[in-house]
Amino acid sequence: SAVATRAADAFYRAFLLPPQALTVYVNCINAGSNALSGSASRRLFQIGTNSGAAPTELTAYWNGTRYALLHWNGVDNVEANNTIVAPSNMARVEYRAILNADGSVQAGQAFNGGAETVGTASAALALSTTWVLSSIYIGGSNTADIQTQNNFLQLKVAAGVFTMAQMRTL
């Protein structure tokens, strides 16, 4: 008999917070490089959309060597991906994505419950007044073929900027 294949699942929900200072916390088991191969933009999460005439989004994605964080306001974008290293296969990853009030982004991550490593904040970028698509995608986006196969344990979003310790306890 033939082997059946299917597309990866994409889970999403309505996202009602407007663009503002936010902290997004992802707790997952990294599925490894094989699950991330095939696309250098597989998502941990995405708020908003990356398609259309003027997309607005906040996205944590695999850039080919590590997770990166992108803020796009419909005109321009900023990205934070420095000093954060790639997780090992099957490591528990806690990823903290920060969208600051000035539109800059900053990311931190911890492996297997350890201390957080925080990257440098990007340049500032004006916030849009709305997300083009008021949804949050977990493990994917509104575009096909960029889903991760990580095992998601938790995803939390909080208005404002919070530490890893605070996000762990929310």
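**Exercise 1.** Is Arg92 buried, exposed or partly exposed?

*Solution.* The model is predicted: local features need pLDDT of at least 70, side-chain atom pairs count only at pLDDT 80 or more, and totals for chains, interfaces and linings use all residues. Residues are numbered from 1 along each chain as its sequence is written, and side-chain values use heavy atoms, with hydrogens and water left out.

Step 1. Buried means under 20% relative accessible area, exposed over 50%, and partly exposed in between (1.4 Å probe, protein chains only).

Step 2. Arg92 has 25% relative accessibility and therefore counts as partly exposed.

**Exercise 2.** Which residues are linked with Arg92 in a network of salt bridges?

*Solution.* Step 1. A salt bridge is a side-chain nitrogen of Lys or Arg within 4 Å of a carboxyl oxygen of Asp or Glu. The structure holds 3 of them.

Step 2. Arg92 forms one with Glu94, where the closest N and O atoms are 3.8 Å apart. Glu94 is buried, at 2% relative accessible area.

Step 3. Glu94 also meets Arg168, at 2.7 Å from N to O. This pair links distant parts of the chain, with Glu94 in strand β7 and Arg168 in helix α2 (residues 164-169), 74 residues apart. Helices (H or I, at least four residues) and strands (E, at least two) are DSSP runs, numbered from the N terminus.

Step 4. The network therefore consists of Arg92, Glu94 and Arg168.

**Exercise 3.** Which parts does the salt bridge of Glu116 and Arg96 tie together?

*Solution.* Step 1. The side chains of Glu116 and Arg96 meet at 2.8 Å, N to O.

Step 2. Glu116 lies in the loop between β8 and β9 and Arg96 in strand β7, so the pair ties together parts 20 residues apart in sequence.

Step 3. Glu116 is partly exposed at 25% relative accessibility, whereas Arg96 is buried at 8%.

**Exercise 4.** Which strands stand at the edges of the open sheet of 5 strands?

*Solution.* Step 1. Two strands pair if DSSP finds at least two bridges between them.

Step 2. The strand order is β9-β8-β7-β2-β11, with antiparallel pairing.

Step 3. β9 (117-118) and β11 (151-159) each have a single partner strand, so one side of each lacks a neighbour in the sheet.

Step 4. β11 pairs with β2 (residues 22-29) over 8 bridges, and Asn27 has Gln154 in β11 as its bridge partner.
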